[in-house]
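Open the model in your viewer and keep the selection panel at hand. We will go stop by stop.

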Amino acid sequence: MHIAELDFSPLFENIHDEAMQPWLQRLPQQLQHALVEKHHGDWQRWQQAVAGLPDIQPSSIDLTSAAIRLGEAGDINEHTREQLKQQLMQLSPWRKGPYEFFGVDVDCEWRSDWKWDRIKNHIEPLTGRKVLDVGGGNAYHSWRMRGCGADWVINLDPSRLFFMQYQAVTRYTDNKQVYMLPLGIDDVPRKLHAFDSVFSMGVLYHRRSPIDHILHLKECLRPGGQLILETLVIEGDAQQVLLPENRYAQMNNVWFIPSTQMLDRWLARTGFKNIQLVDVSATTVQEQRATEWMQFQSLADFLDPVDKRYTIEGYPAPVRAVMTATNPE
Ligand SMILES: C[S@@+](CC[C@H](N)C(=O)[O-])C[C@H]1O[C@@H](n2cnc3c(N)ncnc32)[C@H](O)[C@@H]1O
């Protein structure tokens with residue numbers, strides 16, 4: 001199925017699960033709305049950037065190393081590599097990565113592989129699982145999930161730029177298992193109960209109603225399925241949650257930042273079982289930083305210049321927690 005010159009047929013050809021039918025039936029209309037009816041000023045430019053990528057056959061693909069690696073440096077000459085780099089640069093800013101395209105290192109703002117390394121050994125093994133990654137950016141983690149053996153993965157993210165970055169990656173794969181939909185969580189029908197694993201990483205604090213977000217994630221899971229929830233947290237007891245007065249680390253759409261105990265309570269109150277806190281890590285300026293591929297301001301500019309324990313607004317500097325929880329049978 002093609003929408004706005006984009007081919008969505010692999011998803012429709014490969015996903016036959018009964019539980020997915022309510023969503024599959026609505027998808028053509030949702031995609032039409034997101035990609036055709038909603039205007040975006042840069043859309044044509046990004047489409048041209050992807051269309052202008054050189055035609056190359058990768059000699060190998062690696063979804064298991066820190067950088068998603070497509071092809072090898074020796075597959076192309078310097079001239080083609082420069083052409084490839086110029087086209088990929090037009091899809092900047094690249095926020096989640098790293099990627100390596102035929103020897104071109106796309107050093108993104110985030111070392112997203114560090115987050116994956118903190119998570120991958122604490123979750124139900126992904127082999128054979130059907131996975132939803134809510135707010136997965138350009139699908140970096142979805143590729144890594146497939147690298148860990150997931151049967152298929154849907155990355156759901158409304159950003160059209162990230163969608164075009166995903167298109168650039170798929171240009172060099174014969175991918176039939178990692179799908180990206182340029183849609184938001186609100187497009188997933190309620191009570192779908194279709195996925196074995198649902199990831200929501202870096203999304204909860206952007207939601208005005210975090211409990212409703214957690215409930216919606218629960219409805220995406222089959223009974224017995226696992227939620228992997230990663231979000232900003234503060235220090236404190238089960239009574240503590242930060243609601244910034246305005247911006248937090250310069251982000252203007254941050255709502256609730258709970259303590260890990262409060263987050264545990266949110267998961268328990270929404271009916272999850274087997275709730276585990278698997279990681280708490282401060283975000284460093286080595287993990288999130290400006291690069292050639294993301295030349296805007298980054299974390300170093302969002303922290304207090306004198307005391308890095310605080311954001312520029314005087315809140316505790318970013319700390320992120322990962323929790324896993326099971327949707328009861
Ligand atoms: C902080 S990033 C996290 C990216 C990735 N999950 C990670 O952890 O590195 C948040 C992402 O959520 C996406 N997003 C925003 N609103 C969303 C919505 N309603 N549904 C799904 N994703 C959304 C944004 O486009 C952005 O890519």
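This is a predicted model: local features need pLDDT of at least 70, side-chain atom pairs count only at pLDDT 80 or more; totals for chains, interfaces and linings use all residues.

Residues are numbered from 1 along each chain as its sequence is written, and side-chain values use heavy atoms, with hydrogens and water left out.

**Stop 1: β12 and β13.** Select residues 221-233, strand β13. β13 runs parallel to β12, and six bridges join them. Two strands count as paired if DSSP finds at least two bridges between them. Now trace the chain from β12 to β13: the path goes through helix α8, residues 210-220. This β-α-β crossover is right-handed, meaning that the path from first strand over helix to second runs clockwise with the strands pointing away from the viewer.

**Stop 2: β12 itself.** Select residues 195-201. Seven of the seven residues are buried (under 20% relative accessible area, 1.4 Å probe, protein chains only).

**Stop 3: β9.** Select residues 130-134. β9 pairs with β12 in the parallel sense, over four bridges. Find Val131: Ser197 of β12 lies opposite.

**Stop 4: another sheet.** Show β3, β4, β6 and β7, in that order: they form an open sheet with mixed pairing. Its edge strands, β3 (61-62) and β7 (104-106), each pair on one side only. Zoom to β4, residues 68-70: two bridges join β4 to β3, and the two run antiparallel. Finish at Ile61, which stands opposite Leu70 in β4.

Definitions and conventions: Buried means under 20% relative accessible area, exposed over 50%, partly exposed in between (1.4 Å probe, protein chains only).
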